Amino acid sequence: MNKIAVVILNWNGKKLLEQFLPSVTQFSKREWAEVIVADNASTDDSISFLKSEYPKLKTIILDKNHGFADGYNKALDQLDHDYFVLLNSDVEVSENWLDPIYELFEKEADIVAAQPKIKAFNNKSEFEYAGASGGYIDHLGYPFCRGRVFDTIEPDSGQYDQLTDVMWASGAALFIRSEVYKKLGGLDADFFAHMEEIDLCWRIKNRGFRIVCHPKSVVYHVGGATLPNHSSRKLHLNFRNNLFMLYKNLPSEKLLTTLLLRMILDGVAGIKFLLSLEFDNFKALLKAHYSFYANLSKMREKRRILNPLVTKEFHNEIYNGSIIADYFIQSKKRFSDLTF
């Protein structure tokens, strides 16, 4: 009775599998859970390692590197479990990490996605950048978390230990009902990687469903293991995919004004990159906008399909203020400083 599939997407990550797979297999031993590795056509010896060290572990071998988004789509399409857990390969899990969210899913049908409390693997007293204790966005689409606003990461002293509705659950450890995942088309393959989970969660919220962070489940994430945090490639994907996400999901009355404001703020970021002689980042920003415009007709078609399915346009988990103004001008560095 495998109700939960814990799926790790791997690409040339043998060293990560060696380091982190032991905790996942050890602490996921439940009669209703199964650990699966989906491989994005690795060219290292990941597969031979799995066959040698984990011969009974189910593996899904994909034909090429489909990226994070479509790699998961193609892997999960082959599974029929009730619930999926999309787990990064650089995550160490704790002993009872599955149980709280599994039990919640079994009891609360309107909760369709969730994340654990995510702490930093290299400093386990602090939250981790990519998710912390649940994700939010402001009205311009900038993401932040309970426990992490921009580069300010809080120590975990139990201040966010309440089970709470959030706007998005981190893709580092995303629990989701399989029926909803497949009905909504999964992650958007055009994103390739980064912010695809926020886009999916926004689509979930627009259907009127709930997403939560359950802090009784705890995992530890390295972060940046496959793409360094300060790479121009990651910056390009984040800028482009944020525009994709806004265009697809914003209410019609907010779309043009929000995109205009984002263009202005992105322009300010571009000037900052130039003045700081960060030419690779400036090129990445230009490339992001070019890619957004080049894909505008595709995004328009996606928006046309999504709009009739929206049942709830406005969400309490979208911050009405500007996280940029609050953080950089008013020095509101912690989530608890914000007023929703």
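**Structural briefing**

Phe192 is placed in the loop between helix H5 (178-183) and H6, where helices (H or I, at least four residues) and strands (E, at least two) are DSSP runs numbered from the N terminus. This is a predicted model, in which local features need pLDDT of at least 70 and side-chain atom pairs count only at pLDDT 80 or more, while totals for chains, interfaces and linings use all residues. Residues are numbered from 1 along each chain as its sequence is written, and side-chain values use heavy atoms, with hydrogens and water left out.

- Phe192 has a positive phi of about 65° although it is not a glycine.
- With 31% relative accessibility, Phe192 counts as partly exposed; buried means under 20% relative accessible area, exposed over 50%, and partly exposed in between (1.4 Å probe, protein chains only).
- His194 also lies in the loop between H5 and H6, and its phi, near 80°, is a positive value in a residue other than glycine.
- His194 is partly exposed, its relative accessible area being 21%.

**Helix H6**

- Helix H6 (residues 196-206) is mostly covered, since eleven of its eleven residues are buried.
- Asp199 forms a salt bridge with Arg203, with the closest N and O atoms 3.0 Å apart; a salt bridge is a side-chain nitrogen of Lys or Arg within 4 Å of a carboxyl oxygen of Asp or Glu.
- Because Asp199 and Arg203 are four residues apart in helix H6, about one helical turn separates them.
- Asp199 is buried at 0% relative accessibility, and Arg203 is buried at 7%.
- Just after H6, Gly208 takes a positive phi of about 90°.

**Other salt bridges**

- A search of the whole structure finds 22 salt bridges.
- One network of salt bridges links Asp188, Asp190, Asp199, Arg203, Lys248, Lys298 and Lys302.
- Asp156 and Lys119 meet through their side chains in a salt bridge (3.1 Å, N to O).
- Asp156 lies in the loop between strand S11 (152-153) and strand S12 (164-165) and Lys119 in strand S6, so the pair ties together parts that are 37 residues apart in sequence.
- Both Asp156 and Lys119 are buried.
- In a further salt bridge, the side chains of Asp70 and Lys74 meet (3.6 Å, N to O).
- Asp70 counts as buried at 18% relative accessibility, whereas Lys74 counts as partly exposed at 34%.

- Strand S1 (residues 4-10) is largely enclosed by the rest of the structure, because seven of its seven residues are buried.
- In a regular strand the side chains alternate between the two faces of the sheet.
- Both faces of S1 are covered, with Ile4, Val6, Ile8 and Asn10 buried on one side and Ala5, Val7 and Leu9 buried on the other.
- S1 pairs with S4 in the parallel sense over five bridges; two strands pair if DSSP finds at least two bridges between them.
- Val6 has Val85 as its bridge partner in S4.
- S1 and strand S2 (residues 33-39) run parallel and are joined by seven bridges, and Val7 stands opposite Ile36 in S2.
- From S1 the chain crosses through helix H1 (residues 14-27) to S2 in a right-handed β-α-β crossover (with the strands pointing away from the viewer, the path from the first strand over the helix to the second runs clockwise).

**Nonpolar cores**

- The largest nonpolar core has 65 residues, and those with the most contacts inside it are Tyr72, Leu86, Tyr181 and Ile204; such a core is a set of buried Ala, Val, Leu, Ile, Met, Phe, Trp, Tyr and Cys residues joined through side-chain atoms within 4.5 Å.
- Helix H7 (residues 232-249) gives the most to this core, with six residues.
- Apart from this core lies another, of 34 residues, among them Ile4, Phe49, Leu104 and Phe105.

**Two buried loop residues**

- His81 is found in the loop between helix H3 (67-76) and strand S4 (83-87) and counts as buried at 5% relative accessibility.
- The side chains of His81 and Glu34 are joined by a polar contact of 2.8 Å (a pair of N or O atoms within 3.5 Å; within protein, one must be able to donate a hydrogen and the other to accept it, and residues adjacent in sequence count only if both atoms are side-chain atoms).
- Gly134, in the loop between strand S7 (123-127) and strand S8 (135-138), is buried with a relative accessible area of 0%.
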